[in-house]
Amino acid sequence: MTTLRLGTRRSALATTQSSWVADRLRALGHDVELVEVSTEGDRDRTTPLAQLGGTGVFVSALREALTAGTVDVAVHSLKDLPTAPDPAVAVAAIPEREDPRDALVARDGLTLGELPAGSTLGTGSPRRRAQVAALGLGLEVADLRGNVDTRLAHVHEGRLDAVVLAAAGLRRLGRADEVTEWLDPIQVLPAPGQGALAVEVRAGDEAATAAVTPLDHPDTRACVTAERALLAELEAGCSAPVGALAEIVEGVDVAELSLRAVVAAPDGSGDLRRSLTGDPEEAADLGRRLARLLLEDGAADLMPTSTDRPVTERAL
Ligand SMILES: NCc1[nH]cc(CCC(=O)O)c1CC(=O)O
């Protein structure tokens, strides 16, 4: 039997996610070898991520290893994948999603509502910054980068009062016990695709496709398809931060896909929330329709002009 070479980045979250997929492939009877792929974003820790080309730098190094033939399978956080498909690779499986929510880790067990005005909250995500600012709690949002461990240390070592992180990453790393509030999507909607993994193979690699396909979870695939179709459609008409969450809900006698989304002004001056329910078989169409509804209702106007500054900005 041939061995599947599964490419992974070195960060704790990436190796945990890759090992999770490797274990599932082994349970199906495959031989799997983990191959470390170093990315520009991992090698160069001084240049800001945005200058290197955003989270896309992590994705492209793994895709290059796939097309070069040094690995056969690559695991990505689905939310980090660009919405434009890469014809050289195929997403052969989207496994069952982890908790899609954002989570708050605050000092002294505090929740968002309990943090006093003026408290410092760290996040590097314009989507999280915008939604937290829109709650009007008077928090000071500080720009925060780094891996999960580094970000949590800012709270535990007293440099920040709170941080917001993906629940999925914290659960996968065994650090869910540090969460002080699971943020309700009614207040803070996650990134499209958050909590889900994308398992990629080389386009046309039938053996790897056949090995990986059983890990696919159709309900998760329908949900993230709707969220990403919405994001792709909005990217064409609006550059403000976007949150989205689709869920399978029980309708009268069929399963329905419920999609909620937010477009938020980066400075917290406002946001627009809408939702739609539709057929899980037409997930992409549902996402596009909700995006058009948001655009018709003024989503594009939420982006301030370039001379406007965010209310609070403190770099860490
Ligand atoms: N932005 C980086 C990133 N990409 C995926 C995750 C977590 C895992 C996931 O969302 O599936 C994280 C960390 C975070 O947002 O806190």
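Reader: If two strands pair when DSSP finds at least two bridges between them, which residue in strand 3 is the bridge partner of L6?
Author: The partner of L6 in strand 3 is V73, where strands are DSSP runs of E with at least two residues and helices are runs of H or I with at least four, both numbered from the N terminus. This is a predicted model, in which local features need pLDDT of at least 70 and side-chain atom pairs count only at pLDDT 80 or more, whereas totals for chains, interfaces and linings use all residues. Residues are numbered from 1 along each chain as its sequence is written.

Reader: And how do strand 1 and strand 3 run, parallel or antiparallel?
Author: Strand 1 (residues 3–8) and strand 3 (residues 73–77) run parallel, joined by two bridges.

Reader: What order do the strands take in the open sheet?
Author: The five strands are ordered 2-1-3-10-4, with mixed pairing. Strand 2 (31–36) and strand 4 (89–93) each have a single partner strand, so one side of each is left without a neighbour in the sheet. From one strand to the next, the twist averages 35°, with angles taken from 0 to 180 degrees between N-to-C directions of lines fitted to C-alpha atoms, for helices over the stretch in contact.

Reader: Which strands does helix 1 lie across?
Author: Helix 1 (residues 12–27) lies across strands 1, 2, 3 and 10 (197–202), at about 165° to strand 1; contact here means C-beta atoms, placed from the backbone, within 7 Å. Helix 4 (residues 56–68) also packs on the sheet, touching strands 1, 3, 4 and 10, and its direction makes about 165° with that of strand 3.

Reader: Switching to the ligand, what surrounds it?
Author: The ligand is surrounded by S77, K79, D80, L165, A166, A168, G169, Q194 and G195, each with its C-beta atom, placed from the backbone, within 6 Å. Strand 8 (162–166) and helix 7 (167–172) are the elements that give two or more residues to this shell.

Reader: Why does the ligand lie between domain 1 and domain 2?
Author: Domain 1 (3–95 + 196–216) and domain 2 (102–189) both give residues to the shell, so the ligand lies between them; the bounds come from an automatic or database domain assignment.

Reader: How far apart are the C-alpha centres of those two domains?
Author: The C-alpha centres of domain 1 and domain 2 lie 27 Å apart, and the contact takes six residues from domain 1 and seven from domain 2. On the domain 1 side, helix 1 gives the most, with four residues.

Notes. Two strands pair if DSSP finds at least two bridges between them. Two residues are in contact if their C-beta atoms, placed from the backbone, lie within 7 Å.
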